[in-house]
Amino acid sequence: MTNGFEADPRVLWSEDVLRYRDTDANGHVNNAVFAAFCESGRVQFFATHLTPLLTPDTFFVIARFVIDYRAELHYPGRVRTATWLARAGRTSLGFRHRILTGDTVAGEAESICVLLSKDTRRPVPLGAAGEAAGRLVVEAA
């Protein structure tokens, strides 16, 4: 269930291998590992599209993260995570993530990242990164 995301160049796909150590006492992949899949996508998205446009005195932090679990994951296996920008604000970016195993949606998540000043630790405008982000927003989910 990729909703045509495969062909959209604004959607970044990352792939992860499920490891035995990812499992919990219930025999499925632990919920915290889903957050790591989303982190992989976000970090790759930043490195590919936005980090080169940031000034060295700023950095992103995650301000909000919410996961909806749709299906269990089991070792061994692989997952693919789609990461896209759903919103570009003045100082923050809103991401969506979809975690798939085969054609099954295992989880969906939303995250908000805020750009901070290293000196003041307060939000600062996105500047050139915000302009670039505005061109990468995917309207439909």
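Trainee: Why is Phe46 called buried?

Mentor: The relative accessible area of Phe46 is 12%. The label needs a value under 20%, so Phe46 counts as buried. This is a predicted model, so each value here is computed from predicted coordinates.

Trainee: Where is Phe46 found?

Mentor: Phe46 sits in helix H1, which covers residues 31-50.

Trainee: Which residues is Phe46 in contact with, leaving aside its neighbours within four places in sequence?

Mentor: There are Thr51, Pro52, Phe60, Leu93, Phe95 and Cys113. Each of these has heavy atoms within 4.5 Å of Phe46.

Trainee: What does Phe60 contact on the same terms?

Mentor: Phe60 touches Phe46, Leu54, Leu93, Cys113, Val114, Leu115 and Leu126.

Trainee: What makes a set of residues a nonpolar core?

Mentor: Its members must be buried residues of the nonpolar types, joined through side-chain atoms within 4.5 Å. The largest such core here has 18 residues. Those with the most contacts inside it are Phe45, Phe46, Leu50, Phe60, Leu85, Leu93 and Phe95.

Trainee: Which elements give two or more residues to this core?

Mentor: They are H1, strand E4 (92-101), strand E5 (104-117) and helix H2 (128-134). Another core, of 12 residues, lies apart from it; Val33, Cys38, Ile99 and Ala109 are among its members. As background, nonpolar side chains tend to be buried together in soluble globular proteins.

Trainee: How many helices and strands does the chain have?

Mentor: The chain has 2 helices and 5 strands. Along the sequence the pattern reads β-α-β-β-β-β-α.

Trainee: What share of the contacts with a separation of 6 or more joins residues 24 or more positions apart?

Mentor: That share is 68%.

Trainee: Which label does Thr104 get for its accessibility?

Mentor: Thr104 has 40% relative accessibility. Buried would need under 20%, and exposed over 50%. The value falls in between, so Thr104 counts as partly exposed. Thr104 lies in strand E5. Leaving aside neighbours within four places in sequence, Thr104 is in contact with Ala71 and Ile99.

Trainee: Why is Arg121 called exposed?

Mentor: The relative accessible area of Arg121 is 52%. The cut-off is over 50%, so Arg121 counts as exposed. Arg121 is in the loop between E5 and H2.

Trainee: What is the phi of Arg121?

Mentor: Phi is positive, about 60°, although Arg121 is not a glycine. Most residues other than glycine have a negative phi.

Trainee: Is the peptide bond from Tyr75 to Pro76 cis or trans?

Mentor: That bond is cis, with omega near -5°. Most peptide bonds are trans. Pro76 is in the loop between strand E2 (58-69) and strand E3 (77-88).

Trainee: How many positive and negative side chains does the chain have?

Mentor: There are 16 positive and 16 negative side chains. The centres of the two sets lie 5 Å apart.

Conventions. Residues are numbered from 1 along each chain as its sequence is written. This is a predicted model: local features need pLDDT of at least 70, side-chain atom pairs count only at pLDDT 80 or more; totals for chains, interfaces and linings use all residues. Side-chain values use heavy atoms; hydrogens and water are left out. Helices (H or I, at least four residues) and strands (E, at least two) are DSSP runs, numbered from the N terminus. Buried means under 20% relative accessible area, exposed over 50%, partly exposed in between (1.4 Å probe, protein chains only). Lys and Arg count as positive and Asp and Glu as negative; His and the chain ends are not counted. The place of a charge is taken as NZ of Lys, CZ of Arg, CG of Asp or CD of Glu.
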